[in-house]
Amino acid sequence: MTTLDRRLHAFRPDLAAESLRGRVEVSQFVEGRPARIAAPIVDLRPAPRADSGIDTQLLCGATVRVFDEREGWAWLQADADGYVGYAPASALSTVEEATHVVVVQRSFVYRGADLRLPMTTAHSMGAAVRIVGEAETRGTRYALLETGEAMIFDHLRPVGHLEPDYVSVAERFEHTPYLWGGVSGFGIDCSGLVQLALRMAGISVLRDTDMQAASIGIALDIGDDLAGLRRGDLVFWKGHVAIMLDAASMIHASGHTMRVTREPLADAVSRIGHLYGGPTGFRRP
């Protein structure tokens, strides 16, 4: 069992996904049941405790497979990237197809089709919602949710919409606060920024930096002079990743500034190098 990455394989000493039969020794295997994330943002944790830290997050509409549920916690695996962890069971709903995806960094949900009404919650880019109708109030077009609540229609696109340039998506997150494990417009980390921006462009990648460094696109042979990099290339350090904006500048969710920041690649290489060493790899999605 220790040879399998617990982040990507659903196994515990007492229980495992049926797909792992023959690969792990446990007392019970289960197929799991499908579910969908119903809350705007859900923290996925390595243990069923509120103080266990955050591995990653799941956005509204994300589909998952639930293997166990007890004491208010669901042990599940995300369909999109295979990440395994614990989330509050109250954040799950039955699977109903979402119709639209949020394409702006953040979007409010109102009590009804009027932006003057109180906000009830908010969604991040990448969240998927089910729209059942439309309305217009004083020239503003609204999308109606099953609850009777409303969102700005122009903030949504039909499921399946693809952004043409993932780097432009990442640029929209400039100044977003850094959040370890974050994957949303309310807080995001370096690999979360890469994953969400690429997903909006139709490219599915794994979640954590080490996974991305081993699997995204093609590896690049970049010399010590860092020549040959272009817009969209990824630069990896141990535990960190940045997106190139052009041959000399990059954008990343920075633990140094605690926000999504643009800066010259040379400056980042110098600063990070003093702490963790030089870049460990380069990849082109």
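This is a predicted model: local features need pLDDT of at least 70, side-chain atom pairs count only at pLDDT 80 or more; totals for chains, interfaces and linings use all residues.

**Exercise 1.** Classify Phe-108 and Tyr-110 as buried, partly exposed or exposed.

*Solution.* Step 1: the relative accessible area of Phe-108 is 43%. Buried requires under 20% and exposed over 50%, with partly exposed in between; Phe-108 is therefore partly exposed. Step 2: Tyr-110 has a relative accessibility of 11%. Because this value is under 20%, Tyr-110 counts as buried.

**Exercise 2.** State how many aromatic pairs there are, and determine the geometry of the pair formed by Phe-108 and Tyr-110.

*Solution.* Step 1: the count comes to three aromatic pairs. Step 2: the ring centres of Phe-108 and Tyr-110 are 6.4 Å apart, and the cut-off for a pair is within 6.5 Å. Step 3: the planes of these two rings make an angle of 75°. Since an angle over 60 degrees counts as edge-to-face, the pair of Phe-108 and Tyr-110 is therefore edge-to-face.

**Exercise 3.** Identify which residues are linked into a cluster by ring pairs, and which charged side chains lie over aromatic rings.

*Solution.* Step 1: Phe-67, Trp-75 and Tyr-86 form a cluster through ring pairs. Step 2: the ring of Trp-75 also has the charged end of Arg-12 over it, 4.5 Å from the ring centre. Step 3: Arg-141 is placed over the face of Phe-153, with a distance of 3.7 Å to the ring centre.

**Exercise 4.** Describe the largest pocket by its volume, its lining and the classes of its residues.

*Solution.* Step 1: the volume of the largest pocket is about 760 Å³. Step 2: its lining comprises 31 residues, of which Ala-62, Ala-80, Gly-126, Ala-128 and Arg-199 are the closest to the centre. Step 3: β5 (56–59) and α2 (190–200) each contribute at least two lining residues. Step 4: by class, 16 lining residues are nonpolar, 10 polar and five charged.

**Exercise 5.** Describe the second largest pocket in like manner, and name the element that gives the largest share of its lining.

*Solution.* Step 1: the second largest pocket has a volume of about 540 Å³. Step 2: it is lined by 25 residues, and those closest to its centre are Tyr-178, Trp-180, Cys-190, Gly-239 and His-240. Step 3: at least two lining residues come from each of α2, α3 (209–215), β23 (249–254) and α4 (265–276). The largest share, four residues, belongs to α4. Step 4: the lining divides into eight nonpolar, nine polar and eight charged residues.

Note on methods
Residues are numbered from 1 along each chain as its sequence is written. Side-chain values use heavy atoms; hydrogens and water are left out. Rings of Phe, Tyr and Trp (its six-membered ring) pair if their centres lie within 6.5 Å; planes under 30 degrees apart count as stacked, over 60 as edge-to-face and the rest as tilted. Buried means under 20% relative accessible area, exposed over 50%, partly exposed in between (1.4 Å probe, protein chains only). A charge sits over a ring if NZ of Lys or CZ of Arg is within 6 Å of the ring centre and within 35 degrees of the ring normal. On a 1 Å grid over the protein atoms alone, a cavity is a set of points where a 1.4 Å probe fits but cannot get out, and a pocket is an open set with protein on both sides within 12 Å along at least five of seven lines; lining residues have an atom within 4 Å of a point. Grid points are joined across faces, edges and corners, and a volume is the space filled by probe spheres set on the points. Ala, Val, Leu, Ile, Met, Phe, Trp, Tyr, Cys and Pro count as nonpolar, Asp, Glu, Lys and Arg as charged, and the others, Gly among them, as polar.
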